[in-house]
Amino acid sequence: MTLKYKNTSFDLKAVSDDGFFSGYASVFGNVDSYGDVVVAGAFAETIAEWSTRGKMPPVLWNHRTDEPIGMYTLMKEDAHGLYVEGQLLASAVKRASEVLALMKAGVIDGLSIGYEVQDYKRSVDDEITELLKIKLWEVSIVTFPANELSRIE
């Protein structure tokens with residue numbers, strides 16, 4: 001298994017003082033800086049699998065598995081991409097409090113998915129990879145995003 005990371009940026013208008021945030025962890029149909037395109041439906045199975053567990057993937061800081069800083073309360077695909085709602089545990093986790101302050105100041109503006117590719121298709125010229133099925137492990141708040149189209153609403 002090879003775990004990969006896909007970064008997206010987001011607008012910080014929807015970050016609340018209590019650590020709630022929402023936006024798109026992935027946007028469908030655009031080529032990112034890695035030459036990948038996530039297609040609609042790529043997350044359907046993994047969202048269903050997480051739902052059967054009774055939880056969603058964790059919010060991590062920069063993909064550090066030893067630094068969970070919150071939880072996602074909602075993940076769903078819509079026509080635009082993978083929409084998420086999350087809660088930073090700012091009152092209980094020091095790093096979450098720091099990340100919240102950075103988000104509110106506009107310093108941190110990225111989300112990144114940690115995933116395993118389960119099905120894909122390469123373009124004829126081998127320049128673009130369409131990600132058809134993704135197993136989602138986590139979604140991180142990150143410093144440097146790769147996909148500039150994803151935004152918090």
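**View 1. Leu-136 sits in strand E8.** This close-up, like the others, comes from a predicted model. Leu-136 counts as buried because its relative accessibility is 2%, and the cut-off for buried is under 20%. Look around the side chain and you'll find contacts beyond its sequence neighbours: Phe-43, Thr-46, Trp-50, Pro-57, Met-75, Leu-82, Ile-113, Gly-114 and Tyr-115. Take Trp-50 from that list: 86 residues separate Trp-50 and Leu-136 along the chain, yet their C-alpha atoms are 8.9 Å apart.

**View 2. Here's Phe-43 and the residues it touches.** Leu-136 turns up again here, as one of the contacts of Phe-43. Setting aside residues up to four places away in sequence, Phe-43 also touches Ser-26, Phe-28, Val-38, Glu-77, Leu-82, Ile-113 and Ile-134.

**View 3. Now for the largest nonpolar core, with its 32 residues.** Phe-43 belongs to the group that touches the most other members, along with Phe-21, Tyr-72, Leu-88 and Ile-141. Two or more residues come from each of these elements: strands E2, E4, E5, E6, E7 and E8, plus helices H1 and H2. To find your way, H1 covers residues 44–53 and E7 covers 110–122.

**View 4. Helix H2 runs over residues 94–104 and has four names to look for on its buried list: Ala-96, Val-99, Leu-100 and Met-103.** These residues span an arc of only 105° around the axis, so they end up on the same side of H2. What do the buried residues of H2 pack against? Their partners are E2 (20–27), E4, E5, E6 (81–88) and E8. Just past the helix comes Gly-106, with a positive phi of about 85°.

**View 5. Strand E4 pairs with E5 in the antiparallel sense.** E4 is residues 58–61, E5 is residues 64–77, and four bridges link the two.

View 6. Which residue of E8 is the bridge partner of Val-59? It's Val-139. Leu-136, where we started, lies in this strand, E8, too.

Methods: Residues are numbered from 1 along each chain as its sequence is written. This is a predicted model: local features need pLDDT of at least 70, side-chain atom pairs count only at pLDDT 80 or more; totals for chains, interfaces and linings use all residues. Side-chain values use heavy atoms; hydrogens and water are left out. Two strands pair if DSSP finds at least two bridges between them. Buried means under 20% relative accessible area, exposed over 50%, partly exposed in between (1.4 Å probe, protein chains only). The arc is that of the directions from the helix axis to the C-beta atoms. Contact means heavy atoms within 4.5 Å. A nonpolar core is a set of buried Ala, Val, Leu, Ile, Met, Phe, Trp, Tyr and Cys residues joined through side-chain atoms within 4.5 Å.
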